[in-house]
Amino acid sequence: TYNTFNNPDNSTEDAWFGTIFGGISNKTINGTATRMDLLAVAETDTGSVARLPRILNDIHGVSSYEAIVSSPDGGHDRTGIIYDTNSLALLDSTELTTGFVHHILRGEFRPIGTGGGSDFFVYSIHLKSGSSNSAKRIRAEEAMRVRLDADALRNDAHVIFAGDFNMRSSDEGGWLNLVDAGNAQAFDVAGAPGSWHENPEFLRLHTQDSRVAMDDRFDLQLVTGELLDGKGLDYIADSFRVFGNNGTHQMLSL
């Protein structure tokens, strides 16, 4: 998952993203290095999201990457999903717009060569930003709407919630609504609840903001229990990484 900040917009930025994507593909995690199957992006736009599959196709010498994208929100931003058609078939896509500051895109995918038991849903998420009580309340309402949508899927659905959640701690209402019991109860693959803002205990998980002061864990990947039950399609333990973060950055306020 990647908040691309409405980039890339030109050939120079294409090269930067190519370096990042190439590095991700070459990164060995638990003995495996592979190119990306799927990328959920937030804060993108029509031009930028169209460039991302082209970059992935170019660096890997294929023509199999495609993109789906939401309609623009009030600030003209979109969420999107880029996926490799060599490994994933898009079964369906829809967007959640009512009650959201940023539109949420949901895609349903089937790994190529499987018969349906490994189908999964991905929500590309961008929740309301800000640290005010009002912003937290809006995030909580947005998270509840995401949960209601996911809860309405089939009971055994494999679901990934990925994106920019803009939360500073796990005591926020948005987090609590996502991890509340129910059909689509979300679990943190990093297993790291807490107060993340300016907290050195979570250096390895900080993602926001690499342009200025990286002192927050805004970007999350949460999954339903079906991806943690040790059966069929499953999350590989200890495989979550914040790419480019080796846990040694310093926060400006410390």
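These legends describe close-up views of side-chain contacts in a predicted model. Local features need pLDDT of at least 70, side-chain atom pairs count only at pLDDT 80 or more, and totals for chains, interfaces and linings use all residues. Residues are numbered from 1 along each chain as its sequence is written, and side-chain values use heavy atoms, with hydrogens and water left out.

**View A. Phe 17 and Phe 21 form an aromatic pair.** The structure holds six aromatic pairs. Rings of Phe, Tyr and Trp (its six-membered ring) pair if their centres lie within 6.5 Å; planes under 30 degrees apart are stacked, over 60 edge-to-face, and the rest tilted. Phe 17 and Phe 21 are edge-to-face, at 5.9 Å centre to centre and 70 degrees between the planes. They sit four residues apart in helix H1 (residues 11-26), so about one helical turn separates them. Helices (H or I, at least four residues) and strands (E, at least two) are DSSP runs, numbered from the N terminus. Both Phe 17 and Phe 21 are buried. Buried means under 20% relative accessible area, exposed over 50%, and partly exposed in between (1.4 Å probe, protein chains only). Ring pairs also bring in Tyr 2, giving a cluster of Tyr 2, Phe 17 and Phe 21.

**View B. Tyr 123 and Phe 161 are stacked.** Their ring centres are 5.3 Å apart, with the planes at 25 degrees. Tyr 123 belongs to strand E7 (residues 120-126) and Phe 161 to strand E8 (residues 158-164). The pair links distant parts of the chain, 38 residues apart.

**View C. Arginines sit over the rings of Phe 5 and Trp 196.** A charge sits over a ring if NZ of Lys or CZ of Arg is within 6 Å of the ring centre and within 35 degrees of the ring normal. Arg 211 lies over the face of Phe 5, 3.9 Å from the ring centre. The charged end of Arg 217 is 5.2 Å from the centre of the Trp 196 ring.

**View D. Asp 14 and Arg 51 form a salt bridge.** A salt bridge is a side-chain nitrogen of Lys or Arg within 4 Å of a carboxyl oxygen of Asp or Glu. The count comes to 12 salt bridges. Here the closest N and O atoms are 2.8 Å apart. Asp 14 lies in helix H1 and Arg 51 in helix H2 (residues 46-60), so the pair ties together parts 37 residues apart in sequence. Asp 14 and Arg 51 are both buried.

**View E. Arg 110 forms a salt bridge with Asp 119.** The closest N and O atoms are 2.7 Å apart. Arg 110 is partly exposed, at 28% relative accessibility. Asp 119 is buried, at 5%.
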